[in-house]
Amino acid sequence: MKLLFVYNAKSGALNALFDAGHKLFSPSTYKCSLCALTHDAFTENTIWKNFRSENHFKMEFYHKDEFEAKFPSVKMMYPTILKLEVHELTTVLNPDVLKEISNVEGLIERLKREV
């Protein structure tokens, strides 16, 4: 079993710069609630980073363009967290649920319950 985290953002340095600016100047309109939970403006959130390194989950992280390139037949709303088991994808946390989670601790607790 592996968890796939798919951010509602495109890959690349220029896109990362635009996203950082958006989070700084207009955080309430930023389109990726998953990124807002797991990352500060410029770096990965320390609590999240520690959770990733200390847990037993196998995890992969994708920007939406990377996910669509790897899984071209899967149509998805972003951001999302998926579970991959024996070539089958199931949704763990969808965009609506992710929007309701207010902090990284809440995300971690929800993941522990759902997986």
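**Ground rules**

I am working with a predicted model, so to speak of local features I need pLDDT of at least 70, and side-chain atom pairs count only at pLDDT 80 or more, while totals for chains, interfaces and linings use all residues. Residues are numbered from 1 along each chain as its sequence is written, and side-chain values use heavy atoms, with hydrogens and water left out.

**Fold**

I looked up the secondary structure and got 6 helices and 4 strands. My helices (H or I, at least four residues) and strands (E, at least two) are DSSP runs, numbered from the N terminus. Reading from that end, I wrote down the order β-α-α-α-β-α-β-β-α-α.

Next I looked up contacts, meaning heavy atoms within 4.5 Å. Of those with a separation of 6 or more, 59% are between residues 24 or more positions apart.

**Surface**

I noted about 7,100 Å² of accessible surface, with 53% of it on carbon and sulfur atoms. Areas come from the Shrake-Rupley method with a 1.4 Å probe, and for residues only the protein chains shown count as cover.

For burial I used relative accessible area: buried is under 20%, exposed is over 50%, and partly exposed is in between (1.4 Å probe, protein chains only). Of the 115 residues, 37% come out buried.

**Salt bridges**

My rule was a side-chain nitrogen of Lys or Arg within 4 Å of a carboxyl oxygen of Asp or Glu. That gave me 6 salt bridges.

Which residue does Glu60 pair with? I found Lys2, with the closest N and O atoms 2.8 Å apart. This one links distant parts of the chain: Glu60 sits in strand S2 (residues 58-63) and Lys2 in strand S1 (residues 2-7), 58 residues apart. Glu60 is partly exposed at 22% relative accessibility, and Lys2 is partly exposed at 26%. I also saw that Lys2, Glu60 and Lys70 are linked in a network of salt bridges.

Then I went to helix H6 (residues 104-114), where Arg110 and Glu114 are 4 residues apart, so about one helical turn separates them. The two form a salt bridge, with 3.2 Å between the closest N and O atoms. I have Arg110 as partly exposed at 24% and Glu114 as partly exposed at 37%.

Glu85 is partly exposed, with a relative accessible area of 38%.
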